[in-house]
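Hi,

Here is the structure I promised to pass on. Have a look at it first, and my notes follow below.

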Amino acid sequence: MSERIILRNGTVVTLNDDDDVHFGGTVVIEGDRIAYVGPDDVPADGARVIDVTDRIVMPGLVDFHYHTALGKGWSDHLPLWEYLQTCWYPMIRALDEESAYWAALASYSESVKCGVTAVNDMYRQLGALADAAERIGIRAVLSNDVATDEHDLDTLADNERAFRERNGSADGRIKVLVGIEWLPLASVELLRDARALANDLGTGIHIHLNESLSEVEISKEMFGRRPTEVAYDTGILGPDCIAAHCVWLSDAEIALMRETRTHISHNPSSNAKLGNGVARLPELLAAGLNVGLGHDAAECNNSRDMFEVMKFASLMHRATRVDASLGQAPDILRMACRNGNVGLGIDAGELAAGKKADMIVVDTRSQMFTPLMPESKDHVYSHLVFAANGSCVETTIVDGRVIYENREFTTIDEGEVLREANRAFREVIARMDVPDLESVRRS
Ligand SMILES: [Zn+2]
């Protein structure tokens, strides 16, 4: 871990407070931290030198709301409630440690290839997920799918055990939060207990909130209030809480998010695919909330490419508000790279001396980045958000370690991962206990 790496002669997008971009710049990594960022070259002095001519060096993307996935492209046609009842829950109930391990490696490997350095992953079998994250080298914040007992998912005891066994492992790259699936599978008691556990452990909470109109209606039926009001009353919200989706927030609920300084993961492509609507992103940002971006899950997005999510995060709001001033490229890039790190308490998200060395190298020698005006910051930002996709990522570095280089993994056999994930999928499908669709439809 003590390797010294010099990335030389690149376009260095720092995303620091001064918004510095160094053309022909240098980044020096020592161990797990950045030692220098700037316009000057530095002597090699025995360091490993990576020539990044015609490349962009920038902070890695953070996928702020994530589920390891195994069942992509299965039951794609269903709305959220029916999809969850007949596909997602039966599938994750049939998951064992081995299938979770290969599902996580397949998931994390697509993320790493697309420039993601940290994921906020709510799933099951956290030991297997931690093993997968440790092997591939990604930074993973893990939480369980906790629900009340009758739903046969995870319990707070499962989550506590995972925290005690894996939090802080892999040189601190793995963290464990308390996960709450969502309010329709929760009770007031469970929510209060989740907050108490998080406080006892000194960790945070990851929860789905206000994702769909049906969730809001169910919350009113079950609890007499809207989801974020229930989360507020039970103590779930706070500066250590990441609330995913938040599509259908009332003004009063936005005020509760603001009062508690809760972080929000905006997942526009998942919301679009599942027909859940368009979040009130302009109002969330106007309220000063920290909003990061997430792909959600490959089951409800079919791609883990965060470059695609960035484009959705801009274009959906421009389209629905008829306003091209929304979602400007530099702001979207910061949401994807900086805000997720803030919410997860990771000391990364900008290229600056002293920060964690989580970064990516983007190849500009393609049509995606052509034309490219020399030394034009605006042009670089525009191409990254509106023109690029994950295939432009050439190298991914996490904690100072090169885990993907020149489009090849240094830590896993990609072919093996894909083969094993396919096998795991078939085995899980064979074990699934799927209820009849009509029996789960809400009238
Ligand atoms: Zn989700």
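**Inside the sheet, then outwards**

Histidine 266 sits across from leucine 293, a residue of strand 14. One caveat before going on: this is a predicted model.

That pair belongs to a stretch where strand 13 (residues 263-266) and strand 14 run parallel, joined by three bridges. Helix 5 (residues 188-201) packs on the sheet, where it touches strand 10 and strand 11 (205-209). The direction of helix 5 makes about 165° with that of strand 10.

The sheet itself is open, has five strands in the order 10-11-12-13-14, and its pairing is parallel. At its edges are strand 10 (178-180) and strand 14 (291-293), each of which pairs on one side only. Ignoring direction, neighbouring strands are turned by 25° against each other on average.

Strand 10 and strand 11 are held in the parallel sense by three bridges, and in one of the pairings valine 178 has isoleucine 205 of strand 11 as its bridge partner.

**The chain as a whole**

The protein chain has 15 helices and 19 strands. Its radius of gyration is 21 Å, close to the 22 Å from the globule rule for 443 residues, so the chain is as compact as a globular protein of that length. The C-alpha trace spans about 65 × 45 × 40 Å along its principal axes, and 53% of the 443 residues count as buried. If you care about contact order: among contacts with a separation of 6 or more, 73% are between residues 24 or more positions apart.

**Helix 12 and its partner**

Helix 12 (residues 329-344) is worth a click. Its 16 residues reach 23 Å from first C-alpha to last, close to the 22 Å expected at 1.5 Å a residue. Even so, there is a kink of about 40° centred on methionine 335. Met335 is also one of the buried residues of this helix, and the list includes Ala329, Ile332 and Leu333 too. After the helix comes glycine 345, with a positive phi near 70°.

Which residues does leucine 384 contact, leaving aside its neighbours within four places in sequence? They are Ala329 and Leu333, both among the buried residues of helix 12. Leucine 384 itself lies in helix 13 (residues 377-387) and is buried, with 26 other C-beta atoms within 10 Å. Its C-alpha is 8.7 Å from that of methionine 368, 16 residues away along the chain.

Most residues other than glycine have a negative phi, and most peptide bonds are trans. Here are some spots to check against that.

- The bond between threonine 370 and proline 371 is cis, with omega about 5°; proline 371 lies in the loop between strand 16 (359-363) and helix 13.
- Valine 322 has a positive phi, near 50°. It lies in the loop between helix 11 (306-321) and helix 12, and with 7 C-beta neighbours inside 10 Å it counts as exposed.
- Arginine 407 has a positive phi of about 65°. Its loop runs between strand 18 (401-405) and strand 19 (408-409), and with 12 C-beta neighbours inside 10 Å it counts as exposed.

Cheers

Methods: Residues numbered from 1 in each chain as written. Predicted model: local features only at pLDDT ≥ 70, side-chain atom pairs only at ≥ 80, totals over all residues. Pairing = 2+ DSSP bridges. Helix = DSSP H or I, 4+ residues; strand = E, 2+ residues; numbered from the N terminus. Axes fitted to C-alpha atoms, helices over the stretch in contact; angles between N-to-C directions. Contact = placed C-beta atoms within 7 Å. Rg over C-alpha atoms; globule rule 2.2 N^0.38 Å. Buried ≥ 20, exposed ≤ 12 C-beta atoms within 10 Å, placed from the backbone. Expected span 1.5 Å × (residues − 1). Bend = angle between axes of the 7 residues up to and from the residue.
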